[in-house]
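Trainee: Could you walk me through this protein, one question at a time?
Mentor: Happy to! Have a look at it first.

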Amino acid sequence: MKHLFMPLLALLSVGVVGCSETVDDNTTKPTTIVESFERAMSDDATYSYGYANDNLTFQHTYDQTYGNWYGFAQSRCYDMESGAYENQYSVYNEAPASGDCFLLYYYDTYNSVDMNTPMDILSNGEGVAFRSIVVCLPTYVYKTVTEGNTYARAFADGDYLKLSFIGLDDNLRECGVVEYYAVDLRDGKRYFTTSWTEVDLLSLGSELQGLRIRIETTDVGEWGPNTPLYICFDDLAYDI
């Protein structure tokens, strides 16, 4: 099945847009960077855990004993057929929004909430103004919410999968939120984010030290969420 990319994404295909510029009043305009997650993965790898550039660190954790992980992983997996857990690193699309790779985020509700160890996007020093981010559902999530599996039911009327993008201040305290429904079946809607779609983050403000992401599903059981809580990202635009 072909999926058309949004036209605006063509504007985000370069790594850096704009540059610092000194104006007459001796103030400096911020530099806008668009990170397309192309660095640091070997040519023969299909995914790797964590990511960093000169300005930001995308946190992750990995347990070598059990193979468990959560946080961020860089990926170039595009299997749109298998809904199995083994295909957790694939985006439900034919390509990244730009570049060669994208970023996968896994929100582990136990570790990220109960143990108070969230995996964040953190500034390496300078204050940051996050402008936008481009999102798409992973195949594992799309197949789960449309077909169900052993652990989770297919979504029905009224269900949703919601992303919360939360700004972090100088003390890494939460200071603002932008919500986006990656799947929305409320009020008669039938919306699934299967095209790369931009989410505006400008309302979070400037001089942030980080960005925190939570994922919420309406399919919740005795032990917590049943829906796998993953989302794919590309083209994170921010000012420094």
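The questions below go from the whole chain to single residues, and the model they discuss is a predicted one.

Trainee: How many helices and strands does the protein chain have?
Mentor: Good place to start. The chain has 240 residues, and 50% of them are buried. As for its elements, the count is two helices and 18 strands.

Trainee: Which strands are the edge strands of the open sheet?
Mentor: Let's write out the order: β4-β5-β9-β15-β11-β12-β13, seven strands with antiparallel pairing. Strands of a sheet pair through backbone hydrogen bonds. An edge strand pairs on one side only, so look at the two ends of the order. They are β4 (51-52) and β13 (191-192).

Trainee: What is the bridge partner of L56 in β9?
Mentor: L56 belongs to strand β5, residues 56-58. Three bridges join β5 to β9, residues 121-123, and the two strands run antiparallel. For L56, the partner in β9 is S123.

Trainee: How many bridges pair β11 with β15?
Mentor: Let's look at both neighbours of β15 in the sheet order. With β9, the antiparallel pairing has two bridges, and I121 has L211 as its partner in β15. On the β11 side (residues 160-168) the pairing is also antiparallel, and L163 has I215 as its partner. The number of bridges between β11 and β15 is eight.

Trainee: Why is β15 said to be largely enclosed by the rest of the structure?
Mentor: Count along the strand, which covers residues 210-217. A residue is called buried when its relative accessible area is under 20%. β15 is largely enclosed because the buried ones number six of its eight residues.

Trainee: Is T193 buried or exposed?
Mentor: First, find T193 in the loop between β13 and β14 (197-200). Not counting residues up to four places away in sequence, T193 touches V135, C136, L137, Y180, Y181 and A182. Its relative accessible area is 0%, and the cut-off is under 20%. T193 is therefore buried.

Trainee: Which side chain joins that of T193 in a polar contact of 2.8 Å?
Mentor: Two tyrosines come up here. The side chain of Y191 makes a polar contact with that of T193 at 3.4 Å. The contact of 2.8 Å is with the side chain of Y180.

Trainee: Which element gives the most to the lining of the largest pocket?
Mentor: The largest pocket has a volume of about 740 Å³. Of its 30 lining residues, the closest to the centre are Y106, D108, T109, P225 and P228. β6 (60-63), β7 (68-75), α1 (109-114) and β17 (224-225) each supply at least two residues of the lining. The element that gives the most, with four residues, is α1.

Key: Residues are numbered from 1 along each chain as its sequence is written. This is a predicted model: local features need pLDDT of at least 70, side-chain atom pairs count only at pLDDT 80 or more; totals for chains, interfaces and linings use all residues. Side-chain values use heavy atoms; hydrogens and water are left out. Buried means under 20% relative accessible area, exposed over 50%, partly exposed in between (1.4 Å probe, protein chains only). A polar contact is a pair of N or O atoms within 3.5 Å; within protein, one must be able to donate a hydrogen and the other to accept it, and residues adjacent in sequence count only if both atoms are side-chain atoms. Contact means heavy atoms within 4.5 Å. On a 1 Å grid over the protein atoms alone, a cavity is a set of points where a 1.4 Å probe fits but cannot get out, and a pocket is an open set with protein on both sides within 12 Å along at least five of seven lines; lining residues have an atom within 4 Å of a point. Grid points are joined across faces, edges and corners, and a volume is the space filled by probe spheres set on the points.
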